[in-house]
Amino acid sequence: MPPTRRPLQAVALLAAGLATVPYLVLKFAWLGGSTVGMTSAADHAEMTGTRFVVGNMITVALMLTALAFLVALTRPWARRVPASLVLALGGGATGLLAPILV
C-alpha cells in the first residue's frame with residue numbers, strides 16, 4: 001500500500017509551490033515588456049537590455065526547475081532520482097545563494 005501524505009505535508013507542498021507564483025508572474029511580465037514595478041523610463045530601458053532579458057530567462061528556468069524538483073521529491077518515484085542529480089541541484093543552489101548570505 002502506498003504511503004499517504006499527511007495533511008501538514010500537503011499544506012507545505014502547496015505553500016512552497018504557491019510561494020513561487022508572484023516571482024514567476026513578475027518575471028514573465030517583465031519578459032513580456034511590462035513596466036510593473038519600474039519607476040522610470042530608464043528602468044524600463046535597462047530591463048529590456050540583453051543582460052536583464054537573459055538574466056530573467058535564466059531565473060525563470062531555475063524557478064521552474066525548483067518547482068519540478070519540489071514535485072519530484074514529494075512523489076514515491078523520487079527514490080529513483082539519481083543521487084548525483086540531487087547533489088548537483090542542491091550544490092548549485094547553495095553556490096548561487098552563498099554570495100547573498102555572505
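Predicted model: local features only at pLDDT ≥ 70, side-chain atom pairs only at ≥ 80, totals over all residues.

Visitor: At what angle do helix 2 and helix 4 pack?

Guide: One begins with the axes: helix 2, residues 21-31, and helix 4, residues 50-72, pack at an angle of about 150°, and their axes are 10 Å apart. Angles over 145 degrees count as roughly antiparallel, and therefore helix 2 and helix 4 are roughly antiparallel to each other.

Visitor: Which residues of helix 2 and helix 4 make the contact?

Guide: From helix 2 come Tyr23, Leu24, Lys27, Phe28, Trp30 and Leu31, while helix 4 brings a set including Val53, Asn56, Met57 and Leu67.

Visitor: What is Trp30 in contact with, leaving aside its neighbours within four places in sequence?

Guide: Trp30, which lies in helix 2, is then in contact with Val36, Met38, Met47 and Asn56. Sequence and space can also be read together, as with Trp30 and His44, which are 14 residues apart in sequence and 9.0 Å apart in space, C-alpha to C-alpha.

Visitor: How many aromatic pairs does the structure hold?

Guide: The count is 0 aromatic pairs, although Arg51 lies over the face of Phe52, at 5.2 Å from the ring centre.

Technical notes:
Residues numbered from 1 in each chain as written. Heavy atoms only, no water. Axes fitted to C-alpha atoms, helices over the stretch in contact; angles between N-to-C directions. Helix = DSSP H or I, 4+ residues; strand = E, 2+ residues; numbered from the N terminus. Parallel < 35°, antiparallel > 145°, perpendicular 65-115°, else oblique. Contact = heavy atoms within 4.5 Å. Phe/Tyr/Trp six-rings, centres within 6.5 Å; stacked < 30°, edge-to-face > 60°. Lys NZ or Arg CZ within 6 Å of the ring centre and 35° of its normal.
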